[in-house]
Amino acid sequence: MKYLVIGCSSAGIHAMEAIRQKDATGEITCLTKEQDLPYGRPLISYWLEGKIREEKMSLRPQEFFDRLGIRLCTGVEAVRLDLANRSVLTATGQSFTYDRLFLGCGGKPIVPPIEGLKAVPHFFFHTLADVKKIKLLVTPEDKVLIIGGGLIGLKAAESLTSLNARVTVVDLAPHLLSSIMGAGAAYMVQEAICAQGVEVKLNNSVAAVRMIGPRELAVTLKDGVQLMVNHLVVAVGVAPNLDLVQGTALSHRRGLLVDQHMQTNISGVYAGGDMVEFREMLSGQQKVVGIVLNAAMQGRVAGYNMAGFPLAFDGSMVCNSLNLFATNIVTMGESTAAGENKEILVSRPAPGVYRELVFRDGRLCGATLINDAERAGILRHLIYKQVEVDEVKEGLLAKTPQLLEIPFARWDEYYRDLTA
Ligand SMILES: Cc1cc2nc3c(=O)[nH]c(=O)nc-3n(C[C@H](O)[C@H](O)[C@H](O)COP(=O)(O)OP(=O)(O)OC[C@H]3O[C@@H](n4cnc5c(N)ncnc54)[C@H](O)[C@@H]3O)c2cc1C
């Protein structure tokens, strides 16, 4: 059996591990367009800050690929997919054939429609190569404008601040991190960010940009204000990378569509990770859940199925856990609270600590915890298992939640497999 894997990050690596676990002799080839050996993408901001060395970012070393008998081709971009002939063409004209194909092409930064953007130099914050470029070109006291106040934009702001750049963040939304939390929690994060000298401009965006000198850009904001900056970082979000899929018979909407076995509509072609949309288990809606754990689980399920061992993926749940400007942030489930029939309860148990719980039909469906991660595991489990918590809502909010607070009658739910 010939397996071909496109993409060597969380999804691709787990797919290959699962294949090799079940098929000791099949031929596995992996193509990745990045030059680097696979690394933890969430670590790129720490590399830029000098907190971690490149060797420590490795997801799997070369020795791993040698041991598993995987032919890894770095710096090789797949540019055309020929589904009829089961082959993939690369940018350098090489052709790779397969019996089973796994697509783990991830996401790619969204480029907003800003007048003049294409004509001026700008950075993304998505790959190790991106942050290496930033390290080379940004010097202390440089003025940097970051477009986008989401998770990636703020990770960029944090690392650029540590390089002594003067950072401004602009975001269209009325508050920061609007895709993962509500305004109350975001305000606390904003306070922490501004205390480190970052300027935040909300309800605003960049209308136009032009070059006015070497290393000097004139930026016009939507509200008419003009800014002079040395660098622009574009971080308005990540979209599924469907470049290879366009023009083929593979079905897609926002992301590539797959069944429970992570197989696409074409037999023998599987996919997982940030390029795929799947049923989000709480809302029941098709979503792209762009987190490492989701990519790894989907890759693993795909790998087993590719090797002939049927396994079903039962859905994703969004969880984020990160530190930003010395503030610990955990968000889980439907933490933005948008939507009907939801009850939102908030507590501030201590200075600098914030807990927001979102309930629907007597069950916890989302949580945002700022500097309050101690009992995150229990809350996550209550969300994941959809345990009825109507009787203990206040208890979950008012003090450190204890497992024993859950009424005995609900323990079956707590330990039940959600898909059973
Ligand atoms: C700055 C930053 C911080 C993050 N922080 C977190 C975090 O704290 N927690 C968390 O869970 N998630 C975080 N994420 C998201 C997380 O990194 C992704 O969800 C995860 O990496 C997705 O894995 P993937 O395998 O689907 O794709 P990716 O990691 O995007 O990898 C895609 C792979 O496909 C390859 N590829 C793409 N197209 C081609 C082609 N045509 N030919 C050959 N190869 C190709 C690429 O080279 C790469 O190897 C963060 C992301 C960023 C950018």
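The protein comprises ten helices and 25 strands, both taken as DSSP runs numbered from the N terminus (helices: H or I, at least four residues; strands: E, at least two). Its radius of gyration is 23 Å, close to the 22 Å that the globule rule gives for 420 residues, so the protein is as compact as a globular protein of that length; the radius is taken over C-alpha atoms, and the rule is 2.2 Å times the number of residues to the power 0.38. The C-alpha trace spans about 70 × 60 × 35 Å along the principal axes.

This is a predicted model, in which local features need pLDDT of at least 70 and side-chain atom pairs count only at pLDDT 80 or more, whereas totals for chains, interfaces and linings use all residues. Residues are numbered from 1 along each chain as its sequence is written, and side-chain values use heavy atoms, with hydrogens and water left out.

Of the 420 residues, 54% are buried (under 20% relative accessible area, with a 1.4 Å probe and protein chains only). Contacts (heavy atoms within 4.5 Å) between residues at least 6 apart in sequence join residues at least 24 apart in 59% of cases.

Two aromatic pairs are counted, the rule being that ring centres of Phe, Tyr or Trp (its six-membered ring) lie within 6.5 Å; planes under 30 degrees apart count as stacked, over 60 as edge-to-face and the rest as tilted. One of the pairs is formed by Phe64 and Phe65, edge-to-face, with 5.0 Å centre to centre and 90° between the planes. Both Phe64 and Phe65 are buried.

Notes
Buried < 20%, exposed > 50% of the residue type's maximum accessible area, 1.4 Å probe, protein only.
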